[in-house]
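Open the model in your viewer and keep the selection tool at hand.

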Amino acid sequence: MPAAGRGEGAGRGGGRGGAAAPAGPVLPAHCRIAATLKPSADSVIDVEVWMPEASSWNGKFQMVGNGGWAGTISFAAMANAVQEGYATASTDTGHKGGNAIFAIDHPEKLTDFAYRAVHETVVTAKAMIAKFYDRGPRLSYWNGCSTGGRQGLMSAQKYPEDFDAILAGAPANYQTHLHAWDLAVSTPVLKDTAGAVNAAKLELVNKAMLNACDAKDGVADGVLNEPTKCTFDVASLQCKAGPSTSLGAGDTENCLTAPQVAAIKRVYEPVKTSSGQVVFPGKVPGAEAGFGAYIGGQNAPGISVGSFQVAYNDAKWDWRTFDVNKDLPLVDQKVGAIVNAVNPDLSKFKARGGKLLMYHGWNDTAISPGNAIDYYTSVQKRMGGKQDDFIRLFMAPGMNHCGGGPGPNVVNWMAALERWREAGIAPDRIDAVRIGNNRIEVSRPLCPYPQIAVYNGKGTTNDAGNFSCKTP
């Protein structure tokens, strides 16, 4: 590879002279290559590969994932990787824009989004790296959350040779069932706004939930360590019978109407078909601040509508007609068979020494945390017994979708994965911190599922050193 382009920042035109990357942090000198891959007649996959100078390269490759329906290069994640010394790559997965319209009547583009774009980028990037440095990467890592988590699991399942270690956060790997849950919960409130719940009432529910369950884990910190153990009944907040007000019969801002109670209960519950099949798990207590996306009565979840637009080949598909019994089989056939990454057989990935580190925030309301547990459990069942020598799952109390939230949510996941893959040190605990006012306010260990962090009873509860990981 010619040296021209070496030392150019990500914001300057290198490679084929593609569009400049957005302005961002100051990056080390590196070569930036932009390319377009066309593995099928209908494929137009844009990719970027950034390679630090040989003296700064750590000898490894890290590919970074996407979110939602992708449609953009993940420049910020690439910047983080190159600052750590990695050669890095990202792809828009074969289209522009964050909706699913690109895939309507374009099955090849749906395949690109599902898995082909990532695999083709891996192959291309490794070849570029080998040419640039006169040697290939000694190890290849995947780093992604949400859709990026799905992409990581898909790689382990379908292309186990692509990565030596995979970080898969909050995976959207059961995409069609996730989207069916979203519509099953939001559609009733959108069609009858009597059940809509505003932010103030969701805060009311959250406070009541925390008052009932927060201290049960031995620490009153505004975070539920085991949210599935909370048995508070939201119906206890239902308004008593009384005179009609502008809010409704007996309604005040300090209580919930019967339709609002029903709407909130739907969020906590798994969606099931009429035959009793569980489609997707519900959200957990303590995460009520994010419920408005489903029962706020504002808009249909556009990302989720996308799967059904593709299944019906109709950009104007009407979400008001959604019926889980009728629509789920079709979307599974037309979209899920290509996009979903639920195969629990990871034996080939394991056999070549692969390590899979999964994580999910308990307060995640974009993707129910129970989904990560379901997939992790399915791997254990399929592969027999405890498989923690190559796969571990960490549930993060109080963490929102891929980060943020009231709990400790800043975590160096990649460092833990590197130690595991390169030094054979399995992550028995990973410390997380919450930062406020430019300082660490709280540190707390995250534990490999099903263990939880238990306070030792001595010292401040803001210090991770005073907690141990124990099986409940």
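A word on classes before the first stop: Ala, Val, Leu, Ile, Met, Phe, Trp, Tyr, Cys and Pro count as nonpolar, Asp, Glu, Lys and Arg as charged, and the others, Gly among them, as polar. Keep in mind that this is a predicted model.

**Stop 1: the largest pocket**

Select Gln-62, Asn-80, Asn-143, Leu-167 and Met-414. Of the 28 residues that line the largest pocket, these lie nearest its centre. The space here comes to about 630 Å³. How do the lining residues divide by class? There are 14 nonpolar, 12 polar and two charged residues.

Now colour by element. At least two lining residues each come from β3 (60–64), α1 (75–83), β5 and α12. Which of the elements gives the largest share of this lining? Helix α12 does, with four residues.

**Stop 2: the largest cavity**

Rolling a probe the size of a water molecule over the atoms shows where empty space is left. One cavity of 30 Å³ or more turns up in this model. The largest cavity holds about 40 Å³.

Select its lining: Ala-114, Tyr-115, Val-118, His-119, Gln-151, Met-154, Ser-155, Tyr-159 and Asp-162. Two elements, α2 (107–133) and α3 (147–158), each give two or more residues to it. Helix α2 supplies the largest share, four residues. By class, the cavity lining has five nonpolar, three polar and one charged residues.

**Stop 3: the disulfides**

How many disulfides does the structure hold? It holds four. Count the bonded cysteines along the chain, and the pattern reads 1-6, 2-3, 4-5, 7-8.

Begin with Cys-145 and Cys-402. A disulfide joins them, with an S to S distance of 2.0 Å. The torsion about the S-S bond is -100°, and the link is left-handed. This pair links distant parts of the chain, 257 residues apart. Cys-145 sits in strand β5 (residues 139–145), while Cys-402 is in the loop between β12 (391–396) and α12 (413–423). Cys-145 has 15% relative accessibility, so it counts as buried. Cys-402 has 31%, so it counts as partly exposed. The cut-off for buried is under 20% relative accessible area.

Move to Cys-213 and Cys-230. Their sulfur atoms are 2.0 Å apart in a disulfide. This link is right-handed, with 75° about the S-S bond. Cys-213 belongs to helix α5 (residues 199–213), and Cys-230 to the loop between α5 and β7 (244–245). The two are 17 residues apart. Buried or exposed? Cys-213 counts as buried because its relative accessibility is 6%. Cys-230 counts as buried because its relative accessibility is 11%.

Then select Cys-447 and Cys-469. They form a disulfide with sulfur atoms 2.1 Å apart. With -80° about the S-S bond, this link is left-handed. Cys-447 has 4% relative accessibility and so counts as buried.

**Stop 4: Ser-304**

Finish in helix α8 (residues 302–311), which contains Ser-304. Why does Ser-304 count as buried? Its relative accessible area is 2%, and buried means under 20%.

Now show what surrounds the serine. Leaving out residues up to four places away in sequence, Ser-304 touches His-179, Asp-182 and Leu-183. Draw a distance between the side chains of Ser-304 and Asp-182. What kind of contact do the side chains of Ser-304 and Asp-182 make? They make a polar contact, at 2.5 Å.

How values were computed:
Residues numbered from 1 in each chain as written. Predicted model: local features only at pLDDT ≥ 70, side-chain atom pairs only at ≥ 80, totals over all residues. Heavy atoms only, no water. Buried < 20%, exposed > 50% of the residue type's maximum accessible area, 1.4 Å probe, protein only. Polar contact = N/O pair within 3.5 Å; in protein donor to acceptor, adjacent residues only side chain to side chain. Contact = heavy atoms within 4.5 Å. 1 Å grid on protein atoms, 1.4 Å probe; cavity = no way out; pocket = protein on both sides within 12 Å on 5 of 7 lines; lining within 4 Å. Points joined across faces, edges and corners; volume = space filled by probe spheres on them. Disulfide = S-S within 2.5 Å.
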